[in-house]
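Have it open while you read, as I go sheet by sheet and then turn to the ligand.

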Amino acid sequence: MSPKPPILDHAAILADVTRCRLLQLLDRYELTVSELCAVVQLPQSTVSRHLKVLADDGWVRARREGTSHLYQRSADALDADAAELWRLIRRQTASAVVSRQDRQRLAGVLARRRTRSQEFFSSTAGQWDRLRGELFGQRFDLLALAGLYDPRWVVGDLGCGTGQLSEALAPFVHEVVAVDVSAAMLAAARDRLAGFANVRIHEGELENLPIEDARLDAAVVSLTLHHVPDPERVLAETRRVLKPGGRLLITDMLSHDREDYRQQMGHIWLGFSSEQVMRYLHNTGFAAGRFHSLPVDPDAKGPSLFVATARRQARVAEDAVRETRSLEPSLNPV
Ligand SMILES: C[S@@+](CC[C@H](N)C(=O)[O-])C[C@H]1O[C@@H](n2cnc3c(N)ncnc32)[C@H](O)[C@@H]1O
């Protein structure tokens, strides 16, 4: 006698109304045994027995979560003929009265799940911020926002220090170019960034960047501008290495009166005002400048911070500005 084709075994497994009902439910949702019992209104022992038959033939798989097992139809474990067989049976059985009632009861079961999570949030609303920090830390959401960057970007971390920003950027962008003048800071950055193949680290000055023209899609100058004697010179140099349309982000301190920082940390500027930063951006040919004070972190002891953003203008706009400026002396004779 010739061997029995496997499709007949699959057909035998599906030749049972309860198993078809379970499979329909598990087609779209992961459900526990007790949720399935509530929907099909059968005892747990019956449901578990049918689930075992389905699992042994590769129709469903279970995943453990805490003390529960969640079941789902396994779409990939079966061959194309079995998938075709299930499509045919599902079409024939989906409109049966019992299946429609199952779907209604399933809606109730899913609504109860939502209610449980709503109950949790209504009882913890006052403590959620603390709990969130305890569970996941204070920085994860800011780190996750880096997922919004364009993965094709080449980003400059200018005045990279020990490389914290480069580390946060590197997983999400094509390349990070990190530059700093301090050999000691760069040694720490090299240690931190050793695992990233897409980070290039250069020793160099922000006033004379070791980066060719129009190489960067974005440049970040974080907590560094207050160290440079001539911020406009640094911003003009940053503009050179940005592509037309490339983005600049500066984070630094707002104006403050901590004179001691000059001696302690070599600060040259005691922070910056929004007018000062917007003037620097304007004078160095950046467009669309924006300035925001950042919310104060309750644990921070230093002065408040700002973030300023701007774009290197597109080439056509830059040419127009250059042309206007070249006319200025004749329009305004001294
Ligand atoms: C306060 S740290 C900030 C480091 C990093 N950006 C951060 O946010 O943690 C300032 C860094 O700027 C670097 N720096 C200062 N002046 C510089 C210059 N003219 N050229 C290159 N790097 C400079 C320092 O060596 C230092 O590593």
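1. A word on terms before the strands: two strands count as paired if DSSP finds at least two bridges between them. Helices (H or I, at least four residues) and strands (E, at least two) are DSSP runs, numbered from the N terminus. With that in hand, look at β4 (residues 154-158) and β7 (residues 216-222), which pair in the parallel sense over three bridges. Within this pair, G156 sits opposite A219 of β7.

2. Some housekeeping. This is a predicted model, where local features need pLDDT of at least 70 and side-chain atom pairs count only at pLDDT 80 or more, while totals for chains, interfaces and linings use all residues. Residues are numbered from 1 along each chain as its sequence is written, and side-chain values use heavy atoms, with hydrogens and water left out.

3. Now the sheet that β4 and β7 belong to. It is an open one of seven strands, in the order β6-β5-β4-β7-β8-β10-β9, and its pairing is mixed. At the edges are β6 (199-203) and β9 (286-293), each pairing on one side only. From one strand to the next, the twist averages 15°.

4. Which helices lie across this sheet's strands? Helix α10 (residues 183-192) lies across β5 (175-180) and β6, running at about 165° to β6. Helix α13 (residues 274-283) lies across β8 (242-253), β9 and β10 (305-312), at about 165° to β9. Contact here means heavy atoms within 4.5 Å. The axes are lines fitted to C-alpha atoms, for helices over the stretch in contact, and angles run from 0 to 180 degrees between N-to-C directions.

5. There is a second open sheet, with three strands in the order β1-β3-β2 and antiparallel pairing. Its edge strands are β1 and β2, each pairing on one side only. β1 (residues 31-32) pairs with β3 (residues 68-73) over two bridges: L31 has Y71 as its bridge partner, and T32 stands opposite L70.

6. On the other pairing, six bridges join β2 (residues 60-65) to β3, with V60 partnered by R73. The hairpin of β2 and β3 has two residues between the strands, and G66 there takes a positive phi near 60°. Helix α2 (residues 17-28) lies across β1, β2 and β3, at about 95° to β3.

7. On to the ligand. What surrounds the ligand? There are 16 residues, the closest being G159, D180, L206, E207 and S222; a residue qualifies if one of its heavy atoms lies within 4 Å. The shell divides into six nonpolar, seven polar and three charged. In that tally Ala, Val, Leu, Ile, Met, Phe, Trp, Tyr, Cys and Pro count as nonpolar, Asp, Glu, Lys and Arg as charged, and the others, Gly among them, as polar.

8. An N or O atom in the side chain of D180 is 2.6 Å from a ligand oxygen. For E207, a polar side-chain atom lies 3.0 Å from a ligand nitrogen. T224 has a side-chain N or O atom 3.4 Å from an oxygen of the ligand. Taken alone the ligand exposes 590 Å², of which the protein buries 81% (Shrake-Rupley method, 1.4 Å probe).

Definitions and conventions:
A polar contact is a pair of N or O atoms within 3.5 Å; within protein, one must be able to donate a hydrogen and the other to accept it, and residues adjacent in sequence count only if both atoms are side-chain atoms.
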